[in-house]
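Hello,

Here is the structure I promised to pass on to you. Please open it first, and then read on for what turned up in it.

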Amino acid sequence: MTELRRIVDNVHEQQHNGMSTGCVIDEQLKTIIIKWSRRATFAGLMWATVLASASFAAGNHHVYTVQVDESLDRLHVTAHFAAPVTYIAARSNSAEQFLLGAQDCDSGERIETAGRRMATPDAGISCLSYVIDLRKAAKAERRNRSLAPDNIIVSPIVWMWRPRLGRRDDVRVQFLLPDAVQVSVPWRPIESTAHTYVLTASPQSGSATAIFGRFDAAVTNVAGSDLRIALLRSSTDYDTAAMVDWIRDTANNITLVYGRFPNPAARIIIIPVATSPWRRDLPGVVFGRIVRDGGETVELLIDPRQPVESYHSDWTATHELSHMMLPYLRGEQRWISEGFAQYYQNVLLTRAGRYDEQYAWQKLHDGLERGRTSVPEMSPNEATGADERNSRMKVYWSGTALALLADIELRGRSNGKKSLDTVLGQFQRCCLPSVRTWTGTELFTKFDSFLDEPLFMNLYRQFADTPGFPDTNPLLGQLGIVLDDGKVRLSDAAELAEIRAALMARIYTGAPGR
Ligand SMILES: [Zn+2]
């Protein structure tokens, strides 16, 4: 492709934060949801009491009711705890400034705060009610500036005051919503009860978003997984149905690894952003990131002026969704997550027919070269902890080199029966989605447990703490990737040309639409 495209890709890499089948919910379905919420407004408290007193097998099950007012100015929250609690806190240090008041709803006594903690009585409290200044919290969130006034992003870290959660604890949160107001949160929805979700302990790779207001939402099923999509509104309209098709298409790309989508209940949010007129040459997908906090959410910032058709060949969304094939990895091992996502975005866009094979290998080759020249004095583990302005290419591409080496070795030694795809497929069955943070060695030890002869930990020991970069050039030569003046040409006469073709070949058909 063009030089411009490469520049754009580089910009994307630099911007990238290391930082359900169905259809768009139609008017009729919206109406059904609204009716449920109306019933819930007067039945909610009784329901909450029943749940709070129900006996569960293990763990503490807290019950929250969050009433959203018509104007989106306030949240009225009532919490019934499984047992009296003394520790109640919000995650954000700025949460206190959005709290309009809190009280013990049994005694009526006011509860003061000290920083991000509530000063509860020594005996603890069983019921808490508090009010949040939602409008003020929304003003503090930069992303709201480009959104319609009745679309509000406010992270739960500034409004969710709660006890600590152990592995077996959870919070059931029911939202009571006025007509036409929707909510989108990363937590697991309870199908049988409207606007009700279960919040459990999880990694906190960032701050999850909660979205309130009047926006389109869809649930689309891809290969058995329900993807919940929220499509926020700005002053520029866009074709939300076409956007949902694009998300389906992207999620289908991920199923080309092992025939399933890695997370049965992922969330995707589309955030239109205002971009300056001189940036019209940038692709429609301006930025993407995955947030693992209370569930897995991919946030995609888009320029609504760009045609959605152009999004299908953009790698950003495939990259972000590819992250779901691995669990959240501890900070200094982010090079593994980024590398695997970089590897698969190129492989999957080729399998899906969006890239031709030569273009994919050109991108892989060029990326590996950028990685090779990035902070050569550092190891991948060191580079991830370093100033990322200098080390980003090292972080993004050393894991790609490892993924490529592992994939070719697995295919070669098993006569094509095993591959990185099959290892990831086994990993998904045992371990995803994972609610905890993994280390690189835990992950690779698990991968090796699927193999007769270990591989991943050997590669980890070889490269993770070693300065320099894996030498992938001999392997690329064996695969038939020939370079003429920096331009990739594919040779079918090469020793491993069949493996190269098999790697990019499409085995799974992708999920049919429901
Ligand atoms: Zn990434």
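Let me begin with helix 15 (residues 497–504), whose buried residues are Ile-499, Arg-500 and Leu-503. They span an arc of only 105 degrees around the axis, which places them on the same side of helix 15. The packing partners of these buried residues are helix 7 (334–351) and helix 10 (388–413). Please keep in mind that this is a predicted model.

For the overall picture, the protein has 15 helices and 21 strands. It counts 514 residues, of which 46% are buried.

Helix 12 (residues 440–449) can be read in a similar way. Its buried residues are Gly-440, Leu-443, Phe-444 and Phe-447. Their arc around the axis is only 90 degrees, so they sit on the same side of helix 12. Among the elements that cover them are strand 18 (328–329), helix 7, helix 11 (420–431), strand 19 (437–438) and helix 13 (456–463).

The loop between helix 12 and helix 13 holds Leu-455. Is Leu-455 buried or exposed? Leu-455 counts as buried because it has 20 C-beta neighbours inside 10 Å. Leaving out neighbours within four places in sequence, its contacts are Ala-406, Glu-409, Leu-410 and Asp-448. Glu-409 is 46 residues away from Leu-455 in sequence, yet their C-alpha atoms are 8.5 Å apart.

Val-63 has His-80 as its bridge partner in strand 2, and Val-68 stands opposite Leu-75. The two strands form a hairpin with five residues between them, and Leu-72 in the turn has a positive phi of about 60 degrees. Strand 2 is also joined to strand 6 (residues 125–133), with eight bridges and an antiparallel run. There, Arg-74 stands opposite Asp-133 of strand 6.

The other sheet to look at is an open one of five strands, ordered 13-14-15-17-16, again with mixed pairing. Its edges are strand 13 (216–222) and strand 16 (285–292); each has a single partner strand, so one side of each is left without a neighbour in the sheet. From one strand to the next, the twist averages 20 degrees. Strand 14 (residues 225–231) pairs with strand 15 (residues 267–272) in the parallel sense over four bridges, and Leu-231 stands opposite Ile-270 in strand 15.

Helix 5 (residues 240–258) lies across strand 13, strand 14 and strand 15, at about 30 degrees to strand 13. How do helix 5 and helix 7 cross, and at roughly what angle? Their axes come within 9 Å and cross at roughly 95 degrees, which makes helix 5 roughly perpendicular to helix 7. On the helix 5 side the contact is made by Asn-253, Ile-254, Leu-256 and Val-257, and on the helix 7 side by Tyr-344, Leu-348, Leu-349 and Arg-351. By class, these are six nonpolar, one polar and one charged residues.

Finally, some backbone details. Most residues other than glycine have a negative phi, and most peptide bonds are trans.

- Ala-223, in the loop between strand 13 and strand 14, has a positive phi of about 50 degrees although it is not a glycine. With 21 other C-beta atoms within 10 Å, Ala-223 is buried.
- Ala-180, in the loop between strand 8 (170–176) and strand 9 (182–184), has a positive phi near 65 degrees. With 13 other C-beta atoms within 10 Å, Ala-180 is partly exposed.
- Leu-432 and Pro-433 are joined by a cis peptide bond, with omega about -10 degrees. Pro-433 is in the loop between helix 11 and strand 19.

Enjoy looking through it!

Best wishes

Notes: Residues numbered from 1 in each chain as written. Predicted model: local features only at pLDDT ≥ 70, side-chain atom pairs only at ≥ 80, totals over all residues. Pairing = 2+ DSSP bridges. Axes fitted to C-alpha atoms, helices over the stretch in contact; angles between N-to-C directions. Contact = placed C-beta atoms within 7 Å. Buried ≥ 20, exposed ≤ 12 C-beta atoms within 10 Å, placed from the backbone. Arc of directions from axis to C-beta. Parallel < 35°, antiparallel > 145°, perpendicular 65-115°, else oblique. Nonpolar A, V, L, I, M, F, W, Y, C, P; charged D, E, K, R; others polar.
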